[in-house]
Amino acid sequence: MKQMTAAQLKEWLDDPKRPKPILLDVREPWEFDVVHIPGAKLMPMRSVPARYPELDRNAEIVVICHHGARSYQVAMFLEHQGFPNIINLYGGMAAWSRDVDPSAPTY
């Protein structure tokens, strides 16, 4: 599985020449309400086994959680379901707030 840092994701999102990934946020709704990356799709971890068919199997998907553990587990699950372009956001939203957007709330 690929992993990327928050700074690498920011660079990707800011690159107008590169197609944007699907940002799949697997945290709980209350966490998403506190802070999320604009454009992210909320799909709480517990709902992924039932909802993953909603995702484009061939898209590049960056999986996001608070610190990177839940997203890693979901990324592994999606890879086992045959998704070829899954990327885990290493450090999760905590890293995003620390390294990319210090104005983003932390919890």
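The model is predicted, with local features needing pLDDT of at least 70 and side-chain atom pairs counting only at pLDDT 80 or more, whereas totals for chains, interfaces and linings use all residues. Residues are numbered from 1 along each chain as its sequence is written, and side-chain values use heavy atoms, with hydrogens and water left out.

Biologist: Which pattern does the chain follow when read along the sequence?
Modeller: Helices (H or I, at least four residues) and strands (E, at least two) are taken as DSSP runs, numbered from the N terminus. On that basis the chain has 5 helices and 5 strands. Along the sequence, they give the pattern β-α-β-α-β-α-β-α-β-α.

Biologist: Is H66 buried or exposed?
Modeller: H66 lies in the loop between β4 (61-64) and α4 (69-80). Buried means under 20% relative accessible area, exposed over 50%, and partly exposed in between (1.4 Å probe, protein chains only). Because its relative accessible area is 14%, H66 is classed as buried.

Biologist: Which backbone oxygen does the side chain of H66 reach?
Modeller: With contact meaning heavy atoms within 4.5 Å, and leaving aside neighbours within four places in sequence, H66 touches R27, E31, G91, G92, M93, A94 and Y107. At 3.4 Å from the side chain of H66 lies the backbone oxygen of Y107.

Biologist: What share of the residues of the chain count as buried?
Modeller: The C-alpha atoms fill a box of roughly 35 × 35 × 20 Å, taken along the principal axes. Of the 107 residues in the chain, the share that counts as buried is 45%.

Definitions and conventions: Polar contact = N/O pair within 3.5 Å; in protein donor to acceptor, adjacent residues only side chain to side chain.
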